[in-house]
Amino acid sequence: MNQIVHPHSPGSLVLGGTVTDGNGAAIPDALIEIWQADTDGTIPRARGACRRDGHTFTGFGRAFTTDEGRYEFWTRNPGAEPGKAPFFAFVVYARGLPDKLHTRAYLPEDEAALAADPLLAGLAPEERATLIASRTPEGGLHFDVRLQGEKETVFFAY
Amino acid sequence: MTTQTSPTAVAPAPESLLAAPDQAPQSDITAEIVAAHAEAERRIAAGETLPATLYDFPAYRSSILRHPTKNPRLVDPETIELLSPAFGQRDVAAIESDLTLQHMGEPIGERMTVEGRLLDSWGRPLRNQLVEIWQANSAGRYIHQRDQHPAPLDPNFTGAGRTVTDGQGHYRFTTIKPGPYPWRNHVNAWRPAHIHFSIFGSSFTQRIITQMYFPGDPLFALDPIYQSIRSQKDRDRLIGVYDHDLTSPEFSMGYRFDIVVDGPDATWFEPEEEN
């Protein structure tokens, strides 16, 4: 479920990070789900998000953290409407969390769109930083989730 | 057969993995639950808005270092958040909704069916949505490799199933009734028997993982996970209803468990989707 696209296929990348608790300790029992638009910004509507056909992009993925608290997805960059900042919708589950947590991981590149984003604009710089993924030298994305404490990820209510 | 296997593709570990450091007696845990509920009521009476589930619930020891300390940010859902992953009947095989048919023999335990409807908060059925369940076997043992509870594994029971809701939002599973199991939150901690449910609504904001319990369980008042839901009305909604009309003569006990998802979605300004 953590391979939304075939590894190493054109445009594919690894989105990964570590889930940590209030002591900074890795959480080895977290479950991360992502849901995203395709690179051109279209929202996947074709059925088959659970049993994939191997070529349709369905935009949904699920990954369990390793004993080191790390999750990874094979996916590709989400897109957005022009001027909008593309992001992955994240849901986090773990033992000790009696309910889910929602957050977003934004792509780091389009600084104008990030500056215009209404959610990000309302946050303090250190809060804002928790929602923006960083680009790895390989072209992947790094996004840590900190449930509590220093650099605590901003979570959402709708 | 001593090859190292990858730890991927295992189900989420059961709560029994994480032993709390202090190992308090049940009386302390019960007192903490009562105090936390009283505190929540006091704050609500003072005008605060609290979520239905209390993330900061120290009686559930592993929540102590894992609950966010800041209030969640109120966000207007956008684009993908207003829709949810698309599933269809071909996403699952029909047999995946029968947890008693996954092996050569029949699992041991009280055979049961659970059925219900998936609805949004307007009472509209949610069609073609994935419903996943997982559970312990009748002896209270998960098949998870980290579950070391010394109750027997059942070679004929894995404990995971899934289905996709039909055109009226109905789902149905056949399984065996799970047993209660011990965990290490405190001394003599036992979880009430339950089936985990994972639900997709029509928007990603409605995504929910919850648990169905069984009527009359004496462990309800003692269980800090169940009690992290602060209102009795909401806790009652997690209890499946025994329904004799769903009980099949000489075959299985029947329970009804309707699930209502909450949260904003996009469906009320979209035309009904064609199948």
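## Chains A and B: annotation, interface and domains

According to an unreviewed UniProt entry, residues 12–81 of chain A carry the annotation "domain: Intradiol ring-cleavage dioxygenases". The structure described here is a predicted model. Within residues 12–81 of chain A, 34% of the chain is strand and 0% is helix, and 21 Å lie between the end C-alpha atoms.

The interface between the chains involves 43 residues of chain A, which are in contact with 45 residues of chain B. On the side of chain A that touches chain B, at least two residues come from each of β2 (31–35), β3 (60–64), β5 (87–93) and β10 (156–157) of chain A. The most is given by β5(A), with three residues.

A direct strand link also connects the chains. β10(A) is joined by two bridges to strand β1 (residues 73–74) of chain B, and these strands run parallel. Within β1(B), L74(B) is the bridge partner of A157(A).

Chain B is assigned domain 1 (21–63) and domain 2 (83–264). The centres of these two domains of chain B, taken over C-alpha atoms, are separated by 25 Å. Between them, 17 residues of domain 1 of chain B are in contact with 13 residues of domain 2 of chain B.

The table gives the residue classes for two contacting sides.

| Domain 1 of chain B, touching domain 2 of chain B | 11 residues | five residues | one residue |

Conventions:
Residues numbered from 1 in each chain as written. Chains lettered and ligands numbered in written order. Predicted model: local features only at pLDDT ≥ 70, side-chain atom pairs only at ≥ 80, totals over all residues. Contact = placed C-beta atoms within 7 Å. Helix = DSSP H or I, 4+ residues; strand = E, 2+ residues; numbered from the N terminus. Pairing = 2+ DSSP bridges. UniProt positions renumbered as here; feature names shortened; annotations may be inferred. Domains from an automatic or database assignment. Nonpolar A, V, L, I, M, F, W, Y, C, P; charged D, E, K, R; others polar.
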